[in-house]
Amino acid sequence: MGNFDRKIEVFLDYMIDAEGYNMVLLGLKNTVIIACVGLLIGILIGTVIAAVRVMPKYKLLPRVLNSICSVYVSFFRGTPIVVQLLLFYYVLFPLLGVNITSVNVSILVFGLNSGAYISEIMRGGILSVDSGQMEGGRAMGLSFTATMMKIVIPQAIKNIIPTLGNEFIALIKETSVVSFVGATDLYKAFNTAGTNSYEFMVPYLAMAIIYILMVMIISLFIKIIERRLRKSDKSM
Amino acid sequence: MIRVCNLVKAFGDNVVLDGVDLHIKQGEIVVILGPSGSGKSTLLRCLNCMEDPSGGNIFFHGVDLADMKVDINLHRQKIGMVFQHFNLFNNKTVMDNMTLAPVYVAKKNCRKARVRKFFGKDYVAEDIKTAKQIKEEAKEKATELLGRVGLLEKADVYPSTLSGGQKQRVAIVRSLCMNPDVILFDEPTSALDPEMVGEVLDVMKSLALEGMTMAVVTHEMGFAREVATRVVFIDEGKILESGTPSEIFDNPKHPRLKQFLDKIL
């Protein structure tokens, strides 16, 4: 194991003396930004899709919207996220002639992708809310959309917080593929550290620990949020 | 006020309402009786298009609600509804439950009036208010109504902490917040403990005394006899008999009605 001590030394040398920590911090920042903003975009898209999917369908417009949504969901659930990243970065945006950084593409793709998954989570959440809530709102003369936004979705979100937390954790871990389009994330930073010193053992170990720590912090947050929501349910 | 003409409602092959004609006039209290599965709840729910009719017309102030082109939300604001399971909004306090719809409607009207004003069209000047004004007005009205049913101290609690009777009383005054022309009651006391039925019926009676137009589906025969101006007996999707409470209860003509009354009285 004397060898291992040397490896740690090499790693620390690179990290501190050669200022490798800058890249790790940048990678950490990008990972967190991609996951967080992606989740927000995903929640927005997912909520809209879920609302469209539970709409009563005897008029034309909801039916058209519904088929658009199912195409969207089947595309983003049917292809690997790496493929989506490559398609957006190397095909779609060059075709459109838009110049966009790889981090921004990653944020967009992760948002669109998680939107497809969250739409199904959200649909389950909406269906779990008693249908009387919708009836109560509609009978007062509120529109479908207004009742959805003010009454049903707030209650649905409360029901799906644990599943949503799961999605966020999955998202954080999936961001490790964004280096496919050249974005600097946590994986890329430690990979570079390894390439520089030809020693991969310690950097990858450190990377794994950082991912675990991030996930532990997130699950703690989810627990706190959940407990707080439950409390307002009971004590009032 | 509400005129139902040849209303038909079918769920698939199952015909629930089979050509119902009913006319509810201003100030009338119509109680709809019938065995379970007779279509009485469906009839009531068709009156504000919670169930879309399969055929026939429902005229409310002369507008046919069965027409899909009609903005049903606009008319529902003037048709209150009270449900068997209360359907209070669980994520809102009692006060918010009551002010939600009035504030929403007032804000919408205000936006419309502002747009009309901007384009130089004529508009209702009273519609233009600040958001604060709208909220205060709704709150004032809700406070007054809550006080009337003796639930003022419950204004800031969530519905989950109320008893069934309290929930239903809140539901009734919630529908009153919109100043409806008519209120539909869909078995308002069926989900309540027996000792709470009285408090809800008392609120309904006081409403009746004030001249509110009501259509009530209920199993409370005492209420029907005492308060109703007209009782309608419905079975298998048809109105079999209709008349004043004394005609229906003391002198029933249709054999099916006689049989029904024998069983429950």
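Predicted model: local features only at pLDDT ≥ 70, side-chain atom pairs only at ≥ 80, totals over all residues.
A residue is taken as buried when its relative accessible area is under 20%. By that cut-off Phe88(A), at 10% relative accessibility, counts as buried, and so does Phe76(A), at 5%.

Phe76(A) and Phe88(A) face each other as an aromatic pair. A pair of aromatic rings is described by the distance of the centres and the angle of the planes. Here the centres are 6.4 Å apart and the planes make an angle of 40 degrees, a tilted arrangement. Phe76(A) belongs to helix 3 (residues 60–78) of chain A and Phe88(A) to helix 4 (residues 81–96) of chain A, so their pairing ties together parts that are 12 residues apart in sequence. Over all chains, the whole structure holds 10 aromatic pairs.

Elsewhere in chain A, Ser102(A) lies in helix 5 (residues 102–128). With a relative accessibility of 12%, Ser102(A) counts as buried. A polar atom of the Ser102(A) side chain lies 3.5 Å from the backbone nitrogen of Ala183(A). Leaving aside residues up to four places away in sequence, Ser102(A) touches Ala183(A) along with Tyr89(A), Val181(A) and Gly182(A).

Attention now turns to where the chains meet. The size of an interface is often given as the accessible area lost when the parts come together. Between chain B and chain A, the buried area is about 2100 Å², and carbon and sulfur atoms give 59% of that area. Phe89(B), Asn91(B) and Tyr104(B) supply 24% of the area that chain B buries against chain A, more than any other three residues. The contact draws 25 residues from chain B and 21 residues from chain A.

The polar side of this contact includes 8 residue pairs in polar contact, both residues being at pLDDT 80 or more. On the side of chain B that touches chain A, the elements giving two or more residues are helix 2 (72–76), strand 6 (79–82) and helix 3 (94–118) of chain B. Helix 3 of chain B makes the largest contribution, with 3 residues. By residue type, this side of chain B divides into 12 nonpolar, 8 polar and 5 charged residues. The count of salt bridges between the two chains is 1; Glu135(A) forms a salt bridge with Arg45(B), and their closest N and O atoms are 2.8 Å apart.

Arg45(B) leads on to helix 1 of chain B, where this residue is buried together with Lys40(B), Thr42(B), Leu43(B), Leu44(B), Cys46(B) and Leu47(B). In this helix (residues 40–47), 7 of the 8 residues are buried, so the helix is largely enclosed by the rest of the structure. Cys49(B), which follows helix 1 of chain B, has a positive phi, near 60 degrees.

Val217(B) is found in strand 8 (residues 213–217) of chain B and, at 0% relative accessibility, counts as buried. The C-alpha atoms of Val217(B) and Glu28(B) are separated by 14 Å, the two residues being 189 residues apart along the chain.

Conventions: Residues numbered from 1 in each chain as written. Chains lettered and ligands numbered in written order. Heavy atoms only, no water. Contact = heavy atoms within 4.5 Å. Buried area = accessible area lost by both parts, 1.4 Å probe. Salt bridge = Lys/Arg side-chain N within 4 Å of Asp/Glu carboxyl O. Polar contact = N/O pair within 3.5 Å; in protein donor to acceptor, adjacent residues only side chain to side chain. Helix = DSSP H or I, 4+ residues; strand = E, 2+ residues; numbered from the N terminus. Nonpolar A, V, L, I, M, F, W, Y, C, P; charged D, E, K, R; others polar. Phe/Tyr/Trp six-rings, centres within 6.5 Å; stacked < 30°, edge-to-face > 60°. Buried < 20%, exposed > 50% of the residue type's maximum accessible area, 1.4 Å probe, protein only.
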